[in-house]
Amino acid sequence: MSDGEWSDWLGQQRVACEVRRPAKVDAVFEAVEEAVRTNRRIRAVGSGHSTSDVARPPSDAILLSLEHLALDDADWKTWLKGDLALVEPRVRPGEQLVRVSSGQTIRALNLDLAKRRLAMPNLGSYDGQSIYGAIATGTHGTGLGFGPLADLVSSIEMIGVEDAGRPVVRHWRIEPTNGITDRDRFYGSSQRGRMSLVQDDEVFRSVVVGLGCFGIVTAITLRVVPAFQLRETCEVVPWSSLKSTLVSRARSTPWLDVTMLPERLDGEHWCQVTVREKRPALPHHVPLTELPPRGDARIREARTREGKEQSELVCCALAAGPLGTRIATQKLRELFREDATRTIESESYVVFRTSVGDWIPATSSEIGVDVGRSVAAIDATIAHLDAMASRGFFHVSPLGIRFSRASSHYLAMQYGRDTCTIEAPIPVGNVNVHAIGSATAADAAPIILGSFERTLIDPRFEGRPHWGQRHTVSGGFLLRYPKGPSWARQLARFNRFGLFDNAFTGRMALRR
């Protein structure tokens, strides 16, 4: 991101706009006041990891990059209730609360927590996002013992605009109705500044997975746990054998995910099943550089290509035609089997990070379905892959199958149901190999991912998209969420003057 341009991390979305990098919360407040005075839109952005338009700012907007935002020195712990085990969301024995800047990357947060012998209880496969950017779009890890990252939030601090007959800028601390903050202690503290306390379930469950549409989030208070290690083991099995036990295994295993080859080999779709088990942390902090690295075959393979041109990476994966995809599939199965012959054990945040996206740029769609429909949805995805391949659209990048617990956040894909998510990543530059030289050869991703999305949002599966990844839903789609109307009602309250609008709110018919 330059001073005059925003782009997503792949460089596929670019917008010329004014970029500011506030270092203090007061500067954020002043920027929102300026937006009110000048009737300009204003958005905050993290690392630009979202490939949907959810983060894309309008060209006339003030764009706030919060990467350098430092929190004030307020002794926020003096605001808390005495018995935190009685609040909602409950702070369980062994958990601790940490207050962090919304613009901090997950990687930086992990390292800060590790020094204090603390950890996030679950994480996704990538750590380059800003922590609130990941939360706001519904990002999750894997394991039915855990909801999305949003479920770790106990309090959220946001600068927005209130309709008091005219737009008035406010700074709120927002929590559930029975939240962690003691109202008397909060308002009796001289350190709270001009912040007001809002404790309301509907507001909280709307704002946390808020897609950047409610205001500028400056800080979040998270529930974290003592540091721990993970022991990861893998096995390679055909889908025909796995499908009968997939759901029962997911329900009985704290962390489980599946990576599936999209092309058939020896008549089968081969799956790498990864299981993680919790182990005690080392008794003292060990710097990241001294920890056992993941070093698994997928990341080693990616690292060997670091620095090469993107076109070389794509050619390696796609070759030219059905024979090429089978060669690529054979190579991927070999990598799966190499993974399965070794065990990885390291600090949790090292083992969680499995993405090769740093070396092989990819765009993807991810759709969540009810766990009870997961096997049927995966079978439908396989049929989709076969149908696309018959047209010359080969999807050689492995699919990711993950699980997460039901959530109470209104726009989380896990709202109200234990969820299986199916992710379809595609290397940037994927082509329709039967149309080399034609207009449809340049980028097959919209065609392949659009068809994948339509397959799973069909009423048979009632799929819900990951908001930060590519999707095409619009208009009344929010009504498919049981609390979608409630979320929209709160948005109308907090974005009454449209200051936080962007392309996403327009596509979803949420603009002023």
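A: Trp255 is buried, with a relative accessible area of 4%. Buried means under 20% relative accessible area, exposed means over 50%, and partly exposed is in between (1.4 Å probe, protein chains only).

A word on the ground rules. This is a predicted model, so local features need pLDDT of at least 70, side-chain atom pairs count only at pLDDT 80 or more, and totals for chains, interfaces and linings use all residues. Residues are numbered from 1 along each chain as its sequence is written, and side-chain values use heavy atoms, with hydrogens and water left out.

Now the rings. A pair of aromatic rings is described by the distance of the centres and the angle of the planes. Rings of Phe, Tyr and Trp (its six-membered ring) pair if their centres lie within 6.5 Å; planes under 30 degrees apart count as stacked, over 60 as edge-to-face, and the rest as tilted. That rule gives twelve aromatic pairs. One of them joins Phe228 and Trp255: the ring centres are 6.0 Å apart and the planes meet at 20 degrees, so this pair is stacked. The two partners come from distant parts of the chain, 27 residues apart: Phe228 is in strand β12 (residues 228–238) and Trp255 in strand β13 (residues 255–260). Strands (E, at least two residues) and helices (H or I, at least four) are DSSP runs, numbered from the N terminus. Phe228 is buried as well, at 3% relative accessible area.

Next, look at Trp467 and Phe504. Their ring centres are 5.7 Å apart and their planes are at 80 degrees, so this pair is edge-to-face. Trp467 sits in the loop between β19 (464–465) and α14 (484–494), while Phe504 sits in helix α15 (residues 503–507), so the pair ties together parts 37 residues apart in sequence. Both Trp467 and Phe504 are buried.

Back to the starting point. Trp255 and Phe228 belong to one aromatic cluster with Phe146 and Phe352.

Some rings have a charge over them. The test is that NZ of Lys or CZ of Arg is within 6 Å of the ring centre and within 35 degrees of the ring normal. Arg194 lies over the face of Phe29, at 3.6 Å from the ring centre. Arg333 does this over Trp270, at 5.0 Å from the ring centre.

Val209 is buried, at 0% relative accessible area. Contact means heavy atoms within 4.5 Å. Beyond its neighbours within four places in sequence, Val209 is in contact with residues including Ile135, Ala150, His409, Leu411 and Trp487.

Last, a phenylalanine takes part where two helices meet. Ala377, Ala380, Thr381, His384 and Met388 in α12 meet Ile447, Ile448, Ser451, Phe452, Thr455 and Leu456 in α13. Of these, Ala377, Ala380, Thr381, His384 and Met388 are among the buried residues of α12. Helix α12 covers residues 374–390, and α13 covers residues 445–456. The two pack at an angle of about 150 degrees, with their axes 10 Å apart. Axes are lines fitted to C-alpha atoms, for helices over the stretch in contact, and angles run from 0 to 180 degrees between N-to-C directions.

Terms used: The expected span of a helix is 1.5 Å times one less than its number of residues.
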